[in-house]
Amino acid sequence: MTAITLPAPGKPARRSPRHPYRAALASARGRVGLALVLPVVLAGVLAPLLAGHSPTDQSDLSLAAPGTPGHLLGTDDLGRDLLARLVYGIRADLGIIALAVPLGALLGCLFALLAATHPAVDTAVQRAFDLVLAFPGLILALAVTAILGPGRLPVVLVIALAEIPAFGRLLRTGILVEREREYATAARVGGASPARVLTRHILPNAVDPLVVQIAVSLTVAVFIEGAMSFLGVGVRPPQPTLGAVLSQSMPYLADAPHFAAGPLITVTALVLGLSLIAEALNREIRR
Amino acid sequence: MGIRLLRRLPSALLVLLVASFVIFSILRLVPGDPATSLAGPDAGPETVAAIRDRLGLDEPLPLQYVHWIGGLLTGDLGPSYAIGGQTADLIGDGLGATVELTLGALLFVVVLGTAFGVLGATARRGWVRATVRVLTTGALAVPPFVTGVLLVLLFAVVLKVLPSGGRVSVLTAPDLGVQYLLLPALCLALPSAAILGRYLKDGIERALAEDYVRTATAAGVHPRRLLWRHALPNALPPVVTLLGMQTGHLLGGAVLVEAIFAWPGLGQLAEQGLTRRDYPVVQDLLLLLVTVFVLVQLITDLVHAWLDPRIRWE
Amino acid sequence: MTASALLEVRGLDVEFTAPDGTLTRAVRDVSFTLDRGETLAVVGESGSGKSTTALALLRMLPGTGRVARGSVLLDGQDLAAADEAELRRVRGARIGMVFQDPMTALNPVLTAGAHLDEVLRAHGGRDKAARLARAVELLDLVGIPDPERRLDDHPHRFSGGQRQRILIAMALAGEPDVLVADEPTTALDATVQDQILTLLGDLNRRTGTALVLITHNMGVVARACERVLVMYGGTVVEDGPTAEVLTRPRHPYTAGLLAAVPRLSAPSGTRLAGIPGAPPDLSVLTDGCAFADRCAFTEDRCRTVTPPLVTLTTRAASGEGTVRVACPPATSRSAPLPAAPPPARIDRPRPGAVVLEAVGLRKTYRGRGLRGRPLTALDDVSLTLAAGETLGIVGESGSGKSTLARVLAHAHPSDSGTLRLDGVDISRPSRRELHTVRRRIQMVFQDPYASLNPRMTAGQIIAEPLHAFGIGDRSRRAQRVEELLLLVGLDPSAADRRPRSFSGGQRQRIGIARALAPEPSVLICDEPVSALDVSVQAQIVGLLTDLQRDLGLSLVFIAHDLAVVRQVSHRIAVMHRGRIVETGSADEVCENPADPYTRALLAAAPDPVPPARHREPRSTQVPA
Amino acid sequence: MTESYPSPAAPPSRRTALRAAGGGTLLLGLGLAGCRSAVSASESAEKGGAAEPRRGGTVSVAINSDFTPSLLFAQSGQSLQHRLVYNTLTRYDDELTPRPELATSWHYAEDGRSITLELRSGVTFHDGRPFTADDVIFAVKNLQNPARAAQLRATAGVITGFEKQGDHRLVLKLAHRVNNLFDLFEFMIITDRNSVEEALKGTRLNGTGPFRLTKWSPGSGLSFTRNDAYWQPGRPYLDAVEFRVIPQADALVSSLRTGQSQLTFQVPGRNLAVVKSSPGLTVTEYDTGGGAQYLGVNTTVAPLDDRTVRQALALAVDRDRILKQTLGGYGLASAAPWPKSSPAFTEAGRTHYGHDPAKARELLRSAGHTRLDLPLLHLGLPGDTAVAESLQYDLKQVGVHVTLRPTDPATAQKDLISQKMPALWTMSHGFAQVQPSTLAVSAYPFNEAKNTSKYRSAKYTRVVREAWTSPATGAAANALHREISDILLDEAFIIDLVIRGNVQVAAKDLHGVTLNKFAYLNLDNAYLAA
């Protein structure tokens with residue numbers, strides 16, 4: 001039919017068009033990041049297998065040094081096994097994060113979608129984000145916990161609330177940018193309904209920054225959990241969390257540094273790993 | 001520029017109005033009662049009732065709200081319920097301390113953030129970049145309450161070169177004041193400096209890859225000048241926005257740091273006010289913080305426009 | 001090669017290292033010389049290595065690029081081996097560079113004066129007042145009016161052409177011996193391009209600065225340079241005096257390239273011969289001629305041995321000169337390649353009844369910012385389109401032609417005016433009507449990369465309209481996608497791959513297949529070929545013409561290149577500042593333009609016919 | 001002086017100055033050699049050693065919560081400043097024998113229904129006004145005012161009449177016999193009757209005490225200077241006293257360790273370990289007891305209405321472990337509320353409930369329970385949380401599964417007063433350090449008429465009132481005390497855990513600091529060794 005026949009679908013591009021996320025995780029940065037994050041996550045998931053003790057079992061053996069028989073990482077002031085408290089603490093943090101970050105992301109995205117409907121709504125949503133950002137987070141944490149009572153719920157809510165503007169702003173920008181892209185126009189001209197244009201075309205292309213943000217948000221979540229524990233409005237004791245163990249260890253920082261070491265190293269590994277992954281993702285996506 | 005400000009004003013006022021409402025409601029939702037807190041541990045119900053009456057806590061909530069806002073508008077913040085003294089004085093004292101702390105921290109954020117960003121983006125030696133990365137990660141990963149305690153242990157207890165806490169106003173005794181300010185400001189600044197550094201590093205890397213840097217390189221401009229004169233000014237506007245946001249975080253994060261360093265600022269006042277259900281103090285304080293945040297956003301906007309001539313002329 | 005050569009490049013190889021460690025040789029064994037005051041064009045399509053060569057001269061290669069072999073001798077000093085400090089003394093002072101995109105090549109936060117000051121500071125370190133005076137002088141030299149006042153303006157206050165002038169002023173600030181201009185006019189409108197080329201020519205004459213002009217545009221080569229170096233696949237394939245090479249190309253690639261360039265003189269309804277296939281992927285190139293796969297004269301030895309550059313001495317009509325060719329069959333051939341055949345006429349049916357009619361369309365964009373002035377993109381535009389007809393729309397950037405395309409395709413609503421499809425008013429369609437209208441009117445976009453959703457496979461992209469219009473079931477749609485792929489000349493297996501694995505021309509074919517999917521009767525093509533290489537451009541133009549003939553489509557063909565438009569269109573409408581200033585039959589508009597703006601456009605269009613056989617450089621004046 | 005830093009008494013040593021300058025340079029680039037250091041006072045703390053009392057110097061006291069003027073007349077968390085600014089009529093010695101302060105002598109009428117006080121003459125308030133009997137009358141009437149929320153209001157209320165015999169003799173008429181009148185005299189500060197409203201706002205504290213308040217900066221601290229016209233000649237030794245509010249425990253400890261503060265009573269138990277090992281600090285325990293950690297039981301919640309169950313709880317808790325692990329070992333593990341200095345203290349009472357989980361389980365089984373699920377309210381502060389966690393673990397061992405409910409102090413306070421406590425709570429109580437009857441009359445958890453445990457019994461009421469009004473001394477009094485103890489132990493509605501004394505942490509060179517029974521700081525004889 002046409003005058004030109006092409007050599008069948010061109011030459012295969014040398015760099016296989018791998019999915020950027022997979023490529024990011026396969027990069028050197030991504031691998032180191034995973035190597036730091038995965039063990040922590042695994043430790044949390046496998047806590048019941050790794051712990052050997054109940055994290056709440058107390059004994060007379062206060063502040064035993066690491067390497068004490070039966071207590072690999074030593075014990076805390078109430079004679080609880082620090083390894084058990086660490087892995088269960090990770091587990092608790094993971095539980096909170098797994099709930100809070102997606103919740104915040106979801107709400108943020110919903111607001112962003114709402115903002116995409118009309119400029120007036122957009123302004124309102126933007127101001128609402130401003131308001132959330134303007135509120136001093138820890139004061140809010142104190143108030144929310146006072147209202148709801150202590151436990152996981154206020155921690156989850158405070159973290160989620162802190163994440164809403166982050167995700168919302170990102171996605172809003174993404175939608176605004178992608179909406180003007182030619183492929184979106186092409187989809188509209190191609191007869192796709194506004195909803196389909198949004199869900200099938202714009203959203204998939206606007207989510208990349210969100211994936212990076214998730215890595216950042218996880219860091220923030222650990223941060224907030226710790227601060228709330230320190231202010232005494234964290235997860236209900238005696239449930240260990242990284243932040244709770246850390247704040248319990250503060251009086252003994254000079255005399256029994258091993259008490260704080262576990263959670264500190266864990267949090268550092270987590271944050272370093274996540275930031276490396278975020279960076280790797282960023283690089284691949286921008287490419 | 002004035003027009004930009006004017007245009008943002010109505011929505012800023014709206015934010016404040018909504019904020020006042022939210023603040024008021026949240027406080028009333030918090031259980032506990034300023035009167036019981038005020039009456040003391042072994043007071044009888046009649047004492048509590050008398051105090052409630054005196055504080056006007058039995059008035060309908062909308063009326064209390066109106067009174068509060070009315071007081072604000074007429075500049076009369078009234079007495080504090082539980083802490084003692086006039087709310088305006090309490091907040092005034094705390095504000096001075098917190099502003100000092102925040103500015104000190106901001107200085108650290110800018111200096112450290114710039115160092116982190118510039119070194120991270122341009123250092124030729126791998127170990128320099130690795131060190132910067134470890135430092136920034138550490139600053140982000142170690143919670144401020146741990147950093148704070150560690151800093152105190154190191155500088156105040158072991159080395160004995162800086163005080164462990166407390167405050168002397170930098171204005172009344174600059175040499176002493178600075179020594180009191182150093183540790184809390186550093187502790188408060190570290191996470192923000194790390195974030196800023198990361199953004200700046202990104203921005204510089206991106207700017208260095210831009211065509212105009214290539215143009216300047218081709219013209220024989222020295223790499224150092226490329227960085228400071230060509231790349232950095234372009235990396236700044238988003239960083240300024242971030243800095244604006246971080247100022248909000250610094251104000252909010254002061255709660256922790258002020259506690260650790262016994263810094264008598266707004267964070268401590270807020271926590272104290274909230275624990276003792278001192279409604280006027282907490283209400284006014286939170287609204288003040290929101291106002292400051294909104295103002296900082298406005299300023300950020302102006303600085304942004306000033307830094308980026310494209311916006312300036314729009 | 002003379003001993004007095006200003007710049008001598010010998011056996012230059014440039015390599016890039018991919019993250020996975022594989023090497024890509026982007027430039028292979030490139031050698032050439034440049035004399036003082038000479039003008040040399042380096043021409044080639046994307047991926048030919050021409051820009052990389054230019055950057056390698058000053059060792060400004062991006063990313064992992066490095067000069068692997070060879071030398072760059074500037075008056076005997078080897079820049080390939082120089083240290084950074086030495087290079088800095090050469091950059092800007094001995095060799096100045098001008099880059100392609102004037103929109104991004106200037107620092108948005110620095111004023112024009114600061115830009116020049118930076119260069120002057122880097123070389124010389126005169127006092128501030130002297131630098132200021134020199135900056136004014138330079139701006140004046142490159143033709144920026146009122147230079148003293150404009151020193152303090154930031155780049156965004158200048159037009160594209162003016163920015164390019166500032167860049168040239170920067171490149172000249174250090175009074176270099178050589179000016180390397182990398183595609184300096186590609187991002188500019190034809191009229192502005194003409195001015196810049198005139199400026200470069202003037203500067204060359206007045207200051208004696210040698211010029212290396214990197215371009216993909218044969219017209220620019222013909223217009224501006226004495227000598228031309230043709231590159232393909234990272235290596236030089238032909239080199240010689242411009243007049244000689246353009247009139248009597250030795251290398252089959254040069255010949256093919258010339259044949260693919262649309263000529264303004266070619267009448268409407270003719271077909272260009274494109275070069276089949278796509279430019280090579282440098283990372284998989286092995287020994288042998290890079291062009292072998294696309295060449296009509298390929299012999300066995302072409303695939304096994306990398307052809308050396310052989311010098312042929314000719315005394316051609318165009319004057320004295322050395323021609324070098326890297327093609328063994330060509331060197332062994334005594335006569336030059338036969339000249340490209342004149343464009344073939346294609347027969348196409350006469351246009352039928354009016355399908356689409358627009359009356360008094362207006363569209364105004366709200367200005368950005370508080371003080372931004374509203375921009376009138378369409379100002380009382382009326383046109384008609386008959387069945388089976390191609391209406392060409394030409395105009396420069398900002399003329400409103402893309403807005404017109406979007407309004408016609410209902411991608412944007414118009415502010416006022418009437419649109420009729422088959423006599424039915426569709427200006428303000430309801431949702432249901434819009435659905436019907438869209439099925440009849442489809443669109444092909446300019447940027448074949450941006451207009452394809454990177455997250456979807458080619459098959460999904462093409463099936464998207466089928467899905468939207470509810471055409472067929474799943475298996476029927478798959479079948480239809482296969483048909484469409486074949487129709488636009490792609491293998492059906494392409495359906496499973498994502499846009500980024502296709503070349504530009506292939507992507508545009510996918511875009512066309514998508515537009516054809518709902519069987520529209522009107523196809524709006526918004527600059528469908530302007531992002532493509534010349535050889536590929538000819539293929540796509542040919543495809544569109546064929547499709548129109550075979551499917552009886554009505555085409556609106558929008559472009560800024562008059563030559564292409566004339567070729568494909570029955571009628572042409574010229575747009576300027578949101579208005580149609582002239583309409584008429586394609587040949588008539590091009591031969592006897594009535595509107596002064598049309599005349600200016602025509603005059604500014606560079607033609608790849610060597611200046612010797614052409615009128616003297618025209619002075620072009622764009623009507624304000 | 002608005003600054004709250006310790007003014008260096010001596011010029012900084014060369015070494016300190018060098019270090020300070022080094023630190024400054026290091027961190028700031030302040031290379032000024034003459035730059036003052038904010039940490040110069042720290043070195044002197046290490047020298048210590050006993051020495052002769054010496055005039056001069058400033059003591060900085062770290063406090064974890066600010067002065068609350070509205071609670072000036074009630075026992076609140078922070079009453080240290082009371083005895084600096086004011087005086088009381090009498091003060092107890094270690095054996096609870098009253099000693100003269102503003103009252104120089106006293107004697108009861110035969111029927112015990114009135115007491116005659118001889119008041120010290122030549123005492124003036126800070127504003128120069130002389131102290132007279134009218135000030136005592138005002139002080140008593142003031143405490144009778146319910147708005148003052150004074151815990152000893154019941155005792156003050158017993159005083160029904162005043163008979164002034166000149167400016168410095170006063171006869172108080174009592175409605176009935178009462179045996180804790182001297183608790184009231186220990187408790188009641190003599191304030192200037194003309195400025196009481198200002199005092200309640202904290203704007204002006206006018207007293208007869210050794211120091212005058214120069215400035216109160218709400219939230220950050222108080223400054224006092226020496227009262228040169230103090231009625232004790234040559235006292236106080238110190239020039240000034242600074243109170244610095246440091247709510248955060250670690251910061252408080254740091255300020256002591258670095259010598260920024262020389263004195264505190266508010267180091268939480270968990271932090272005492274660090275303090276103990278600090279060379280420059282001495283830890284002194286006032287075994288008179290300032291407060292006791294207890295486990296409260298709401299007797300209206302089934303099955304806690306069953307005494308057996310409550311006794312099981314009392315047996316289940318490991319008091320020694322709590323003392324060691326969460327209170328730094330300072331205190332006295334005890335099942336009864338009495339400190340060792342109390343006349344009601346008996347070793348048998350203290351050890352009435354040992355740690356006996358087996359017996360606890362048996363008791364629970366006998367009451368028909370093998371597993372209980374109960375909430376436990378506690379303050380969400382680090383130390384209180386640790387105690388609650390320990391309790392939770394101990395109770396779990398006997399099948400009582402406890403859900404912790406950390407609560408902020410304001411909410412807990414409200415729940416306590418409005419009797420809305422859940423099944424279990426843990427907090428601390430005071431008032432066991434004075435006359436035993438005061439505990440049951442004035443300490444809310446033990447109040448016979450109305451307490452948070454909602455425990456009522458005619459017997460308890462009768463015994464308490466008898467003990468309060470009894471003139472008995474010696475063995476008879478002890479019998480009454482034992483009776484109260486027996487009821488408290490047997491009914492176990494308040495299960496005492498550890499009697500916590502006030503733990504004083506002071507710099508080694510600070511001498512002569514004492515506290516009264518209500519934790520009023522007495523610095524009359526305090527001095528900084530050279």
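Read along its sequence, chain B follows the pattern α-α-α-α-α-α-α-α-α-α-α-α-α. The model is predicted. Chain B holds 13 helices and 0 strands. Its C-alpha atoms fill a box of roughly 85 × 55 × 35 Å along the principal axes. Of the 314 residues in chain B, 58% are buried. Contacts in chain B between residues at least 6 apart in sequence were also examined; 72% of them join residues at least 24 apart.

Two packed helices are described by the angle between their axes and the distance between the axes. In chain B, helix α9 (residues 211–218) packs against helix α10 (residues 223–260) at an angle of about 145 degrees. The axes of these two helices lie 10 Å apart. The crossing of α9(B) and α10(B) is right-handed. Helix α9(B) contributes Tyr212(B), Val213(B), Ala216(B) and Thr217(B) to the contact. Helix α10(B) supplies Leu226(B), His230(B) and Ala231(B). By class, the residues of this contact comprise 5 nonpolar, 2 polar and no charged.

Chain C contains an open sheet of 4 strands in the order β2-β1-β4-β5, with antiparallel pairing. Strands β2 (23–34) and β5 (77–78) of chain C stand at the edges. Each has a single partner strand, so one side of each is left without a neighbour in the sheet. Strand β1 (residues 7–17) of chain C pairs with β2(C) in the antiparallel sense over 8 bridges. Within this pairing, Leu12(C) has Val30(C) of β2(C) as its bridge partner. Helix α1 (residues 50–57) of chain C lies across β1, β2 and β4 (66–74) of that chain. This helix runs at about 70 degrees to β2(C).

Conventions
Residues numbered from 1 in each chain as written. Chains lettered and ligands numbered in written order. Predicted model: local features only at pLDDT ≥ 70, side-chain atom pairs only at ≥ 80, totals over all residues. Axes fitted to C-alpha atoms, helices over the stretch in contact; angles between N-to-C directions. Left-handed = near helix turned anticlockwise from the far one by under 90°. Contact = placed C-beta atoms within 7 Å. Nonpolar A, V, L, I, M, F, W, Y, C, P; charged D, E, K, R; others polar. Buried ≥ 20, exposed ≤ 12 C-beta atoms within 10 Å, placed from the backbone. Pairing = 2+ DSSP bridges.
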